[in-house]
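I opened this model to look up a few things and kept notes as I went.

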Amino acid sequence: MRRFRAAVTGAVSLSLAFTATACGGGEGSEASPKTLTYWASNQGSSLEVDKKVLQPELDQFEEETGIKVKLEVIPWSDLLNRILTATTSGQGPDILNIGNTWSASLQSTGALLPWDAKNLEAIGGKDRFVDSALGSTGVPGKEPAAVPLYSMAYALYYNKAMFKEAGITKPPTTWDEVAAAGKKLTKNGKAGIGVEGSNLSNNIHQVFVLAKQHGADFFTADGKADFTSDGAVAAVKQYVDLMATQKIVAPGNAEYAQNQSLSDFAKDKTGMVLWQTPSQTFASQGMGPEEWGVAPAPVPSGKPGTGKQTNSMVAGINMAVFKNTKNLDGALKFVKFMTSDEEQILLNKAYGSVPPVKSAQKDPVFADPSLAVIRDTLATSAAALPQVPEESQFETVVGTAVKELFADAAAGRPVTTESVRAKLEKAQQQMPKK
Amino acid sequence: MTQTAVTPPSERAVRKATPGGARAPRRSGRRRIALPYLLLLPALLLELLVHLVPMLMGITMSFKELTQFYIRNWSEAPWSALDNYTVAIDFDAPVGQALLKSFFTTCLFTVLSVGLCWFLGTAAAIFLQENFRGRGFLRTLFLVPYALPVYAAVITWAFMFQRDNGLVNHVLHDQLGIGDSPAFWLIGDNSFWALLVVSVWKGWPFAFLTVMAGLQNIPRDMYEAAALDGAGVWKQIRHITLPSLRSVNQVLVLVLFLWTFNDFNTPFVLFGKAAPEAADLISLHIYQSSFQTWNFGTGSAMSVLLLLFLLVVTGVYLLLTTRGRKTSDV
């Protein structure tokens with residue numbers, strides 16, 4: 001009895017001890033040529049909105065081809081883990097959306113179908129797509145791991161009522177002007193600019209652009225992690241200093257990770273945000289398009305361009321085919337459908353993004369001033385995040401470093417060049433050895 | 001467990017009923033010996049499938065260089081001998097240092113959480129032992145945290161701990177006026193205490209339930225006899241209640257320890273993917289180490305180390321507590 005109990009407790013402890021590693025599962029891919037499973041990313045203001053936007057299109061696809069598409073919209077917090085699980089188990093969807101910055105990382109796992117000439121031909125050829133969007137589809141020189149679906153870029157969004165009240169007549173174009181405007185806006189519990197301090201990906205997007213403006217990169221030309229260069233340290237410090245020294249960011253933003261900065265903006269608590277395609281979210285928070293303005297994100301010279309005048313990452317969503325699909329023909333048909341002019345115009349309009357397909361971009365909808373800023377940024381002053389296999393790890397470790405620095409700043413601890421460098425050094429040591 | 005306890009007397013009775021018959025009892029005895037194992041077989045096979053196979057896979061993974069380049073086909077990943085382990089326990093390097101720090105954080109967290117859970121659970125169970133109006137209601141109320149789905153409950157806590165709009169700061173700062181500015185609970189050093197509060201809130205009803213069940217087995221006349229001898233409430237608790245609960249407590253503390261040490265859901269739901277350093281529990285740390293660098297070999301090696309540690313602690317604990325009991329039982 002006693003031994004029995006010991007054995008039971010032993011077994012229980014064994015199984016408990018391993019819960020940390022025992023994860024798994026995933027959906028089965030259909031063998032039937034008449035169905036496809038599609039994992040969509042969350043582009044609208046909620047998963048429900050996405051379903052409403054996509055379902056009629058999927059129905060239309062079924063009408064045209066007889067292929068039924070089973071849709072699952074996956075929140076951003078889960079998408080990468082779901083893809084990793086699918087990769088490990090081989091049980092995944094047929095087609096999926098990926099954040100374009102993950103292209104190279106996922107490409108290295110071999111889970112995604114390479115877009116060779118033949119596959120590209122099946123969807124109308126590479127030339128249909130804008131160059132900058134194609135720059136975020138995998139390691140340069142390799143066959144792309146995905147094709148562009150929606151394109152986005154960062155811009156400066158400002159609250160018109162708050163600008164008027166603070167007597168600011170035109171949106172800032174340089175960081176000094178941002179600081180000056182921020183100082184005017186920050187009073188009576190209101191703040192100049194919002195950040196999402198605990199959102200790792202957003203932190204990366206912001207410091208990547210700032211590093212470009214300091215002439216630095218987080219990876220060397222041959223793909224090695226290089227987080228501690230003077231430029232990278234200065235970039236991270238500059239971003240955290242918006243809260244730490246300039247004090248134009250409310251300290252509470254350090255724990256934001258669920259787009260709370262956009263709610264603050266819509267509630268007239270924050271005057272500016274640097275964001276990609278937030279119009280849907282503003283609208284869902286009750287802020288109409290006439291209440292906010294948009295301008296190109298700030299650069300040192302005030303005039304966006306390439307190199308040190310870069311003011312955005314190439315943001316966007318790519319569409320990939322899972323290599324294990326048993327319905328390759330149907331999957332290619334579906335990608336062709338989703339990248340057709342008609343669907344591109346309709347979907348990008350619904351999501352407030354810009355089509356990466358050249359012919360669809362010409363539609364008058366995208367000449368609207370708010371979208372024109374994004375289109376021009378993508379064409380002239382956006383740079384792709386490093387296309388290296390370790391990109392996704394870089395997002396996590398450096399994103400976490402920035403999060404911890406914001407936590408320091410919010411708690412009133414000094415953020416110095418040394419403390420920034422120490423955090424980045426630690427992040428770099430966590431990267432896989434090469 | 002009841003099965004094993006009941007079988008021996010019945011077996012004895014059967015043997016007594018068929019005295020002398022040398023062949024027949026042997027054959028039936030053999031069958032009888034086989035029967036319990038046959039009955040256990042389905043459970044055993046499932047146990048193998050559900051627990052042991054993934055565990056063995058985990059142990060295998062810990063000896064492989066299972067990075068992003070191989071996750072699609074594990075078997076192709078090269079063997080790395082003890083490399084994953086040397087990385088994990090090289091305490092001069094950042095990975096090992098972080099693991100060690102997380103280990104100590106977890107130890108402190110576990111001791112505090114288990115201690116508080118046990119204390120609150122025992123105290124509440126003893127207070128609710130007396131019959132009074134509303135006892136049933138209170139007992140039910142106390143079990144609510146245990147009955148709630150973990151995710152829903154912890155998400156609610158995460159909302160309450162928000163700095164600007166959370167209930168906790170509203171009460172502490174706005175109403176009671178503690179602190180110059182509202183505190184952060186989900187980032188920075190306070191996150192440890194936030195995690196502890198949620199963990200105790202979630203864990204103590206189990207201790208309450210277990211101790212309450214144990215209390216029902218203590219004969220009332222022992223208390224009456226003690227009262228006649230002039231023992232007060234405190235003395236009764238010390239000399240009757242606690243010693244009688246010994247065997248219950250032994251299992252309770254062990255189970256609480258293992259659950260708390262391994263708790264993944266609470267910190268993950270509370271803090272998300274990147275836990276603050278102050279609240280970096282080991283299970284979340286291992287998850288981060290695996291998924292951050294997409295190096296599942298190192299993550300598995302850390303898991304195996306954790307498994308060994310927990311096995312040693314469990315073994316030593318059982319050895320110590322059962323040895324003590326043997327003498328007192330006799």
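Below are my entries, chain by chain and then residue by residue.

**Ground rules.** I worked on a predicted model, where local features need pLDDT of at least 70, side-chain atom pairs count only at pLDDT 80 or more, and totals for chains, interfaces and linings use all residues. Residues are numbered from 1 along each chain as its sequence is written, with chains lettered from A and ligands numbered from 1 in the order in which they are written.

**Chain A, domains.** I looked up the division of chain A. Domain 1 takes 35–152 + 314–383, and domain 2 takes 154–313 + 387–429. These bounds come from an automatic or database domain assignment. The centres of the two domains of chain A, taken over C-alpha atoms, are separated by 27 Å. Next I checked the contact, where two residues touch if their C-beta atoms, placed from the backbone, lie within 7 Å. Domain 1 of chain A gives 27 residues to it, and domain 2 of chain A gives 27 residues.

Which elements supply two or more residues to the domain 1 side of chain A? I found α4 (103–109), α16 (369–380) and β11 (382–383) of chain A. Here helices (H or I, at least four residues) and strands (E, at least two) are DSSP runs, numbered from the N terminus. The largest share of that side, five residues, comes from α16(A). By type, the domain 1 side holds 13 nonpolar, 14 polar and no charged residues. For these classes, Ala, Val, Leu, Ile, Met, Phe, Trp, Tyr, Cys and Pro count as nonpolar, Asp, Glu, Lys and Arg as charged, and the others, Gly among them, as polar.

**Chain A, a helix crossing.** I turned to α9 (residues 200–213) and α17 (residues 391–410) of chain A. Their axes come within 8 Å and cross at roughly 90 degrees. That makes α9(A) roughly perpendicular to α17(A). I used lines fitted to C-alpha atoms as axes, for helices over the stretch in contact, with angles from 0 to 180 degrees between N-to-C directions. Angles under 35 degrees count as roughly parallel, over 145 as roughly antiparallel, 65 to 115 as roughly perpendicular and the rest as oblique.

I listed the residues in this contact. From α9(A) come A:Leu200, A:Ser201, A:Asn203, A:Ile204 and A:Val207. From α17(A) come A:Glu395, A:Thr396, A:Val398, A:Gly399, A:Thr400, A:Val402 and A:Lys403. The set divides into five nonpolar, five polar and two charged residues.

**Chain A, Leu347.** Is A:Leu347 buried or exposed? It counts as buried, with 20 C-beta neighbours inside 10 Å. The scale is 20 or more other C-beta atoms within 10 Å for buried, 12 or fewer for exposed, and partly exposed in between, with C-beta atoms placed from the backbone. A:Leu347 lies in helix α14 (residues 341–351) of chain A. Its C-alpha is 9.4 Å from that of A:Leu149, 198 residues away in sequence.

**Chain B, overview.** I counted 14 helices and zero strands in chain B. Of its 330 residues, 32% count as buried. Among contacts in chain B with a separation of 6 or more, 65% join residues 24 or more positions apart.

**Chain B, UniProt record.** The unreviewed UniProt entry lists "domain: ABC transmembrane type-1" at residues 103–317 of chain B. Such annotations may be inferred rather than shown by experiment. I computed 74% helix and 0% strand over that span, with end C-alpha atoms 19 Å apart. The entry also lists "transmembrane region" spans in chain B, including 140–160 and 244–261. Residues 140–160 of chain B are 90% helix, with end C-alpha atoms 24 Å apart. Residues 244–261 of chain B are 94% helix, with ends 27 Å apart.

**Chain B, helix α13.** In α13 (residues 282–292) of chain B, 10 of the 11 residues are buried, so this helix is largely enclosed by the rest of the structure. The buried residues include B:His285, B:Tyr287 and B:Gln292.

**Positive phi.** Most residues other than glycine have a negative phi. I noted some exceptions. A:Asn188 has a phi near 50 degrees and sits in the loop between α8 (175–185) and β6 (191–194) of chain A. With 4 C-beta neighbours inside 10 Å, A:Asn188 counts as exposed. B:Ala81 also has a positive phi of about 50 degrees. B:Ala81 counts as exposed, with 11 C-beta neighbours inside 10 Å.
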